[in-house]
Amino acid sequence: MKEAFQYLQEELDQMKENQTFRPLIPLASKQGSRVKIKGKDVIQLSSNNYLGLTDHPRLKQAAIEAIEKFGAGTGSVRTIAGTMDMHNALEEKLADFKHTEAALVFQSGFTTNQGVLSAILAEQDVVISDELNHASIIDGIRLTKADRKIYKHSDMDSLEAALKESDGYRARLIVTDGVFSMDGDIAKLPEIVELAEKYNAMVMVDDAHASGVLGKNGRGTVNHFGLDGRVHIQVGTLSKAIGVLGGYVASTNTLRDYLIHKGRPFLFSTSHPPAVTAACSAAIDVLLEEPELIVKLWDNTAFFKNGLKALGFNTGKSETPITPVIIGDEAKALAFSDKLFEYGVFAQGIVYPTVPKGTARVRTIVTAQHTQDELQEALNAFEKAGKEIGII
Ligand SMILES: *Cc1c(COP(=O)(O)O)cnc(C)c1O
């Protein structure tokens with residue numbers, strides 16, 4: 001048995017030698033501003049739990065009630081016997097929330113991108129993608145026969161050049177992350193939409209890190225920029241700020257109906273358990289009724305980001321609660337992360353292939369749950385560890 005995997009083991013051994021091998025790190029507690037890891041209480045700066053909703057009483061209560069009433073699972077894919085009233089109701093709520101005609105939920109944000117891109121594009125079409133787009137967009141594109149063009153990150157000249165070269169296709173689709181997950185910068189959506197309208201292209205934005213974070217009540221980048229009605233496809237995740245699991249596409253009835261028939265993860269993978277759907281629905285209510293969570297998230301963002309900058313760290317182009325501390329060298333970034341842990345902060349090092357070579361970093365995400373005392377404590381740890389590793 002073992003010999004068969006020798007070729008994989010060699011690659012892993014190489015990673016260990018380069019100090020880029022990372023074992024999974026289990027939490028021994030629930031998610032929160034402080035978590036228990038390896039027997040130690042540490043400040044959590046690596047989760048996507050922006051608003052603390054993983055532990056919100058209304059979500060937990062909704063999940064418990066849904067299990068009691070509707071059971072633990074659904075027993076089928078959506079298209080056969082696995083659609084409950086609550087699945088459709090959540091989609092209507094999401095469409096209302098996003099100010100679109102319709103929405104459709106997938107098992108995850110990853111499968112949403114994969115399912116949408118692979119379904120709606122064929123060899124007569126072209127997709128034009130930002131070079132730093134998320135892996136699920138890249139994989140979705142890999143699954144289509146459409147021609148593909150990659151433009152330089154948020155570079156509008158590069159995007160326009162790609163649009164000029166792509167005359168004569170049936171559909172042209174520009175696709176971008178709304179907030180880039182490793183740098184925390186926001187897509188230049190107003191300019192992208194202008195160019196799309198000029199060249200008669202469609203726009204798809206993946207708001208995984210903008211849902212619950214940007215726009216009124218966390219509606220995302222389209223709403224943030226006042227572009228409602230001008231972006232054809234909005235993808236959101238229910239797994240990050242929403243605190244549960246899932247992804248969705250908000251668009252037209254036509255796209256929803258089409259994806260119900262052609263979106264392969266939707267067609268061939270079982271629907272969300274009642275607890276997931278009910279908790280997601282409660283989360284949207286929380287976004288609408290407790291906007292103070294988003295205010296707190298942004299207050300914490302300003303406090304922590306300014307603190308890191310004042311200490312002299314390179315935080316790149318971040319404009320959101322995602323703040324990278326860019327180090328460059330992979331081993332150094334991982335050593336920095338280990339040092340931070342020693343001083344009571346959990347902030348994961350991120351290396352190639354998640355980020356380009358030479359841009360290894362420690363990525364931080366503050367949440368609405370952090371207190372300012374906790375963030376100050378974290379800044380103290382960054383200062384100490386940064387000086388010891390020789391970054392500042
Ligand atoms: C996290 C992420 C996804 C995947 O979402 P999941 O719901 O976790 O599968 C998709 N796109 C982007 C930009 C992301 O950051």
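Entry 1, ligand site. I listed the shell and found 15 residues around the ligand, with Gly 109, Asp 206, Thr 237, Ser 239 and Lys 240 the closest. My cut-off for a shell residue is one heavy atom within 4 Å of the molecule. I keep in mind that this is a predicted model, where local features need pLDDT of at least 70, side-chain atom pairs count only at pLDDT 80 or more, and totals for chains, interfaces and linings use all residues. Numbering starts from 1 along each chain as its sequence is written, and side-chain values use heavy atoms, with hydrogens and water left out.

Next I looked up polar contacts (pairs of N or O atoms within 3.5 Å). A polar side-chain atom of Ser 239 sits 2.5 Å from a ligand oxygen. A backbone N or O atom of Gly 109 is 2.7 Å from an oxygen of the ligand. For His 134, I found a side-chain N or O atom 3.4 Å from a ligand nitrogen. On its own the ligand has 380 Å² of accessible area, and the protein covers 86% of that. The area method is Shrake-Rupley with a 1.4 Å probe.

I sorted the shell by class: 2 nonpolar, 10 polar and 3 charged residues. Gly counts as polar here; Asp, Glu, Lys and Arg count as charged. Which helix gives the largest share of the shell? Helix H4 (residues 109-120) does, with 3 residues. Helices are DSSP runs of H or I with at least four residues, strands are E runs of at least two, and both are numbered from the N terminus.

Entry 2, the sheet of 7 strands. This open sheet has the order S3-S9-S8-S7-S6-S4-S5 and mixed pairing. Two strands pair if DSSP finds at least two bridges between them. Strand S3 (102-106) and strand S5 (147-151) are the edges, each pairing on one side only. On average, neighbouring strands are turned by 20° against each other, direction ignored.

I then checked one pair. Strand S7 (residues 202-206) and strand S8 (residues 233-237) run parallel, joined by 3 bridges. Met 204 has Ile 233 in S8 as its bridge partner. Helix H9 (residues 253-262) packs on the sheet and touches S3, S8 and strand S9 (247-251). Contact means heavy atoms within 4.5 Å.

Entry 3, the sheet of 3 strands. It is open, ordered S1-S2-S11, with mixed pairing. Strand S1 (34-37) and strand S11 (345-346) each have a single partner strand, so one side of each is left without a neighbour in the sheet. Strand S2 (residues 40-44) pairs with S11 in the parallel sense over 2 bridges. Ile 43 has Val 345 as its bridge partner in S11.

The peptide bond from Tyr 352 to Pro 353 is cis, with omega near 10°. I placed Pro 353 in the loop between strand S12 (349-350) and strand S13 (360-365). Ser 154 has a positive phi of about 50°, although it is not a glycine. I found Ser 154 in the loop between S5 and helix H6 (156-164).

Key:
Polar contact = N/O pair within 3.5 Å; in protein donor to acceptor, adjacent residues only side chain to side chain. Axes fitted to C-alpha atoms, helices over the stretch in contact; angles between N-to-C directions.
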